[in-house]
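Biologist: Hi, could you walk me through this structure? I have a few quick questions.
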Amino acid sequence: MRIIAVCDKRPTLNSLENAIEMSVKSDAELKTFMLPSEALQYARGHPVDVAFVDMDMKLPLMHGLFLAKELAKLNPKVNLVFVSETDEYATEAWSLRASDYLRKPVIQEHIERVMGGLRYHTV
């Protein structure tokens, strides 16, 4: 299983990374990115099964919602998991058929619940 996590704030990304690592099988491949453009470039060459996208990113060239839409174009069966401090992006999440929507702070139990109920089957 290939997983990416994208957040522009290092402390939040580290917390998300730790929670994911404690919640998934050891053979899962996890890559983290602070820049959405780097995550998208990676996804173009490596099919992603699960993408945790911080929707609060407001970077000049690309924000979280744009990244989620692009990931869904690359792989319509990607399990998108929106992460945000608010419910502001909930409507967009469901219109993109997101697997889940998590409120910050994200903890291990949240990740375990998400991974147990993914919308699309992963290997």
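Biologist: Where is Pro-105 found?
Modeller: Pro-105 sits in the loop between strand E5 (100-103) and helix H5 (108-116). Bear in mind that this is a predicted model.
Biologist: OK, and what kind of peptide bond joins Lys-104 and Pro-105?
Modeller: That one is cis, with omega at about 0°.
Biologist: Let's go to another loop. What is phi of Arg-97 near?
Modeller: Phi of Arg-97 is near 60°, a positive value in a residue other than glycine. Arg-97 is in the loop between helix H4 (90-95) and E5.
Biologist: How does Arg-97 count in terms of accessibility?
Modeller: Arg-97 has 45% relative accessibility, so it counts as partly exposed. The cut-off for exposed is over 50%, and for buried under 20%.
Biologist: Changing topic: which residues of helix H2 are buried?
Modeller: In H2 (residues 36-45), the buried ones are Pro-36, Ala-39, Leu-40, Tyr-42 and Ala-43. Looking down the axis of H2, these buried residues fall within an arc of 160°, so they line one face of the helix.
Biologist: Which exposed residues are on the face of H2 turned away from its buried side?
Modeller: Gln-41, Arg-44 and Gly-45 are there.
Biologist: And what covers the buried residues of H2?
Modeller: The cover includes strand E1 (2-6), strand E2 (29-33) and helix H3 (64-74).
Biologist: How many residues has the largest nonpolar core?
Modeller: It has 25 residues, and those with the most contacts inside it are Ile-4, Ala-51, Leu-67, Leu-71, Leu-80 and Phe-82. At least two residues of this core come from each of E1, H2, strand E3 (50-54), H3 and strand E4 (79-84). H3 gives the most, with 5 residues.
Biologist: Which residues does Leu-71 touch?
Modeller: Leaving out residues up to four places away in sequence, Leu-71 touches Ile-4, Leu-40, Ala-43, Ala-51, Val-53, Val-78 and Leu-80. Another core, of 18 residues, lies apart from the largest one, and Ala-5, Val-83, Leu-102 and Met-115 are among its members.

How values were computed
Residues numbered from 1 in each chain as written. Predicted model: local features only at pLDDT ≥ 70, side-chain atom pairs only at ≥ 80, totals over all residues. Heavy atoms only, no water. Buried < 20%, exposed > 50% of the residue type's maximum accessible area, 1.4 Å probe, protein only. Helix = DSSP H or I, 4+ residues; strand = E, 2+ residues; numbered from the N terminus. Arc of directions from axis to C-beta. Contact = heavy atoms within 4.5 Å. Core = buried A, V, L, I, M, F, W, Y, C linked by side-chain atoms within 4.5 Å.
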